[in-house]
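The following dialogue examines how terms are applied to a structure. Please view the sequence and the model before reading on.

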Amino acid sequence: MYSLGNRIAWLQGPGANCAKTNPVAPRPWHLVLLGPPGVGKGTQAEKIVAEFGACHLSTGDVFRHAARNSGGTAPSPAMATALAAMKRGELVSDATVVELVRERADCLSCQYGFLLDGFPRTIDQARALDGILGNVKRKLDAAVNYFAPETLIIERLSGRRVCKQCRAGYHVANKPPRQAGRCDACGGELIQRDDDKPEAIRTRLHAYAATCNPVLEYYRKQGLLREIDASGDPDSVFAQTRAIIQKLV
Ligand code: AP5
């Protein structure tokens with residue numbers, strides 16, 4: 001059983017070093033997690049980390065970390081534009097996201113392997129990722145695509161709550177905290193993400209629908225795409241995820 005680790009090099013970028021507390025898994029996995037917002041990529045990533053030891057690298061987490069940790073200083077113009085787009089539920093520009101990943105290329109060659117969550121989201125990002133991986137001499141093992149009906153996704157997103165302090169995730173119906181509004185782990189206040197409000201959810205789903213097919217096709221043509229029906233509960237979805245990863249060996 002592995003744990004998440006502090007991922008500081010990923011969250012903060014160049015110059016930061018992770019506290020490498022986990023044992024290294026027998027095999028480093030190099031996976032991309034695809035699928036619409038709210039389908040459960042982050043939930044599955046947590047389970048993959050625990051069982052297979054890869055490091056969970058979410059581009060959304062980098063933006064949220066920057067928003068929380070500006071230390072009172074104004075974000076750079078590129079980051080300010082990115083955070084405003086994110087709040088509205090729009091995609092951040094390819095140039096900004098690709099640069100952010102390129103700056104963190106060392107995370108992609110790290111001995112722990114990686115689970116990229118939320119990147120790539122467009123065909124240009126997918127091509128750029130191949131270039132970055134080529135530079136660090138790594139290859140993807142698979143691109144795992146989670147899908148579920150839109151009604152279910154809206155229900156998952158609108159019911160999601162996150163701890164303001166430790167960022168642990170909950171759902172008002174599917175994964176409620178023991179005490180309403182309080183985190184089980186640290187007692188922090190549970191809040192709703194700005195982009196989980198109805199208008200932003202609609203925008204995010206449109207943005208996903210407009211860009212996902214070329215990315216799926218890109219990985220299908222390379223024989224890397226694996227499809228998972230994510231409409232079941234988290235454990236049954238993970239049983240499918242586990243089976244796919246084990247078959248890649
Ligand atoms: P990002 O942070 O990547 O968010 P997302 O893709 O919209 O996905 P989420 O994190 O919202 O959902 P998830 O699939 O991880 O679901 P979760 O497991 O939490 O991106 C945010 C924003 O950043 C973007 O909109 C964009 O602005 C920007 N951005 C990031 N990357 C970018 C890129 N590459 N290019 C451009 N812009 C980028 O689950 C959701 C809820 O459902 C939870 O409450 C959970 O408990 C529950 N749940 C999960 N699975 C199940 C299940 N099986 N059964 C029941 N409930 C479940």
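Q: How is the shell around the ligand divided into nonpolar, polar and charged residues?
A: The shell holds 13 nonpolar, 11 polar and 10 charged residues. Ala, Val, Leu, Ile, Met, Phe, Trp, Tyr, Cys and Pro count as nonpolar, Asp, Glu, Lys and Arg as charged, and the others, Gly among them, as polar.

The model is predicted: local features need pLDDT of at least 70 and side-chain atom pairs pLDDT 80 or more, while totals for chains, interfaces and linings use all residues. Residues are numbered from 1 along each chain as its sequence is written, and side-chain values use heavy atoms, without hydrogens and water.

Q: Why is strand β3 called largely enclosed?
A: Buried means under 20% relative accessible area (1.4 Å probe, protein chains only), exposed over 50%, and partly exposed in between. Five of the five residues of β3 (residues 113-117) are buried, so the strand is largely enclosed by the rest of the structure.

Q: How do you know that β1 and β3 pair?
A: Two strands pair if DSSP finds at least two bridges between them. Five bridges join β1 (residues 29-34) to β3, so the two strands pair, and they run parallel. L31 stands opposite L115 in β3.

Definitions and conventions: Helices (H or I, at least four residues) and strands (E, at least two) are DSSP runs, numbered from the N terminus.
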